[in-house]
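Subject: Handover of a structure, with notes on what was found

Dear colleague,

Please find the structure below. My notes on it follow.

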Amino acid sequence: MNKIKVGIIGSGFIAEHHCYAYSLLPNVEIIGICSINEDEARVLMKKYNLLGKLYNNYEDLLKTDCEIISVCVPNFLHQRITNDILNSGKHAFVEKPLARNISEANEMLETEKSSNRQIFYCENNMYAPSFTKVKQVIEEGAIGQIYMGRGKEQHSGPHSAWFYKANESGGGALLDLGIHDIACLLWYLDCNVKEVFCQKKTIKPNRGDFGQCEVEDNAVGILYFENDAQIIIEESWTAPGGYDMRFELFGTEGQIKVAPTFSNLVSVYSEKGYEYAVEKAGSTQGWTFPVPSEAWSFGYPQEIAHFISCITKKKKPLTDGTFGRRVLNIVDAMYKSATTKKVEEVEHLI
Ligand SMILES: NC(=O)c1ccc[n+]([C@@H]2O[C@H](COP(=O)([O-])OP(=O)(O)OC[C@H]3O[C@@H](n4cnc5c(N)ncnc54)[C@H](O)[C@@H]3O)[C@@H](O)[C@H]2O)c1
């Protein structure tokens, strides 16, 4: 079997998920990993028995004959690296957020058009089994028309210093976590957001070894949809106890609650603790709610499998670059609202 050759740029948290996801696919071969952190990349390569090469300059990976490259680097590098990947004749699997802001995203989509290659937008939540089930139930009309609801993504804060630096991340909890909620809500309601309101705060400016937090670590917003639904989103980087993600959606004929974490599928009370419960749990002592098959529950391998299948079958992915830009456009309007303290219109995208 001729395998599809892929490369990965980055060797941190999300690069590992890409490695794992690719390694599950018999028709895919990881031919190289590029990272500025060689030790970290070596650990990853050993863990997944990768035979490919280690690169410390991504431009060398672009010279290889791989077909796809995963962009698993800090947000400020998404635009430049994605453009270079597309211009080198390869497809780019770009992690969320697509870029730091809408103007970077616009430029990436221009490059996509001129390069005749594709951006696949990595929004794993839209491939997570629990969130996918919600979509199916909504599509069947089980809860009627959604008119109100809330979504939230919260944890104690990211694991690398760059997330906290305004110029490197482009934004805080809203951009990092809110982007997941907004993506799912666009998908669930199948409707545009016309206006937004947002307030943001930084309540924990000192992040110890990571330095100052220059971006918001908390944000709350309201999305006003064109069909009159109004949905609140709450995003936090200061909530200890592990990754909490959930939606409550109210429709004219029912309601849905979904929480892939903090659910009671497995509940553990332990006085001495155990190895791992869920991302950013901090502790496993006392009552904990471990997530079984976390990568699978969060949709990472399903997302990559979907992208690969779209390439082999020449189909449009559920989450493409245009979708990534649409989500970012809403985030941009929310940042504007947080500054003006007014409800802001979401610009209509062509
Ligand atoms: N889908 C999700 O749920 C999810 C989760 C976490 C992160 N992410 C996204 O993934 C991206 C990376 O985040 P992370 O958590 O993996 O960060 P991380 O800090 O854990 O890893 C970043 C990696 O990028 C590498 N890197 C930095 N500059 C580089 C360069 N010039 N060339 C090659 N490698 C370079 C670093 O060595 C490191 O391995 C971000 O855009 C983030 O928003 C998505």
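Which residues of helix α4 (residues 78-87) are buried? They are His-78, Gln-79, Ile-81, Thr-82, Ile-85 and Leu-86. A residue counts as buried if 20 or more other C-beta atoms lie within 10 Å of its own, as exposed if 12 or fewer do, and as partly exposed in between, with C-beta atoms placed from the backbone. Helices (H or I, at least four residues) and strands (E, at least two) are DSSP runs, numbered from the N terminus.

Please note that this is a predicted model, in which local features need pLDDT of at least 70, side-chain atom pairs count only at pLDDT 80 or more, and totals for chains, interfaces and linings use all residues. Residues are numbered from 1 along each chain as its sequence is written.

**Around helix α4 and strand β5**

The cover over the buried residues of α4 includes β1 (4-9), α3 (58-62), β4, β5, α5 (102-115) and β6 (119-122). After α4 comes Gly-89, with a positive phi near 90°.

Strand β5 (residues 91-95) has five of its five residues buried. His-91, Phe-93 and Glu-95 point one way from this strand, while Ala-92 and Val-94 point the other way. In a regular strand, side chains alternate between the two faces of the sheet. Strand β4 (residues 68-71) pairs with β5 in the parallel sense over four bridges; two strands pair if DSSP finds at least two bridges between them. Ile-68 has His-91 in β5 as its bridge partner.

In the loop between β5 and α5 lies Pro-97. The peptide bond that joins Lys-96 and Pro-97 is cis, with omega about -10°.

**The two domains**

The chain is assigned domain 1 (4-124 + 300-319) and domain 2 (126-298 + 329-345); such bounds come from an automatic or database domain assignment. Their centres, taken over C-alpha atoms, are 24 Å apart. In the contact between them, 21 residues of domain 1 meet 19 residues of domain 2, where contact requires that the C-beta atoms of two residues, placed from the backbone, lie within 7 Å. On the side of domain 1 that touches domain 2, the elements giving two or more residues are α1 (13-23) and α10 (300-313). Helix α10 gives the most to that side, with five residues.

**The nonpolar cores**

A nonpolar core is a set of buried Ala, Val, Leu, Ile, Met, Phe, Trp, Tyr and Cys residues joined through C-beta atoms within 7 Å. The largest such core has 84 residues, of which Ile-9 and Val-331 touch the most other members. Helix α8 (residues 173-189) gives the most to this core, with 12 residues. Both domain 1 (4-124 + 300-319) and domain 2 (126-298 + 329-345) give residues to this core, so it lies between them. Leaving aside residues up to four places away in sequence, Val-331 touches Leu-174, Leu-175, Gly-178, Ile-179 and Ile-182. A second, separate core of six residues includes Tyr-243, Ala-277, Val-278 and Ala-281.

**The ligand**

The shell around the ligand has 24 residues, of which Gly-10, Gly-12, Phe-13, Glu-95 and Ser-160 come nearest; a residue is near a molecule if its C-beta atom, placed from the backbone, lies within 6 Å of it. Helix α1 gives the largest share of this shell, three residues.

**The open sheet**

Seven strands form an open sheet of mixed pairing, in the order β12-β11-β7-β10-β9-β8-β15. Its edge strands, β12 (254-258) and β15 (344-345), each pair on one side only. Strands β8 (residues 193-201) and β9 (residues 218-225) are antiparallel, with eight bridges, and Lys-200 stands opposite Ala-219 in β9. Strand β9 also runs antiparallel to β10 (residues 230-236), joined by seven bridges. The hairpin of β9 and β10 has four residues between the strands, and there Asp-228 takes a positive phi near 80°. Strand β7 (residues 146-154) runs parallel to β10, again through seven bridges.

**Two further loop residues**

Most residues other than glycine have a negative phi. Asp-190, in the loop between α8 and β8, has a positive phi of about 50°. Asp-190 is partly exposed, with 13 other C-beta atoms within 10 Å. Ser-293, in the loop between β14 (286-288) and α9 (294-297), has a positive phi near 45°. Ser-293 is exposed, with 9 other C-beta atoms within 10 Å.

Yours sincerely
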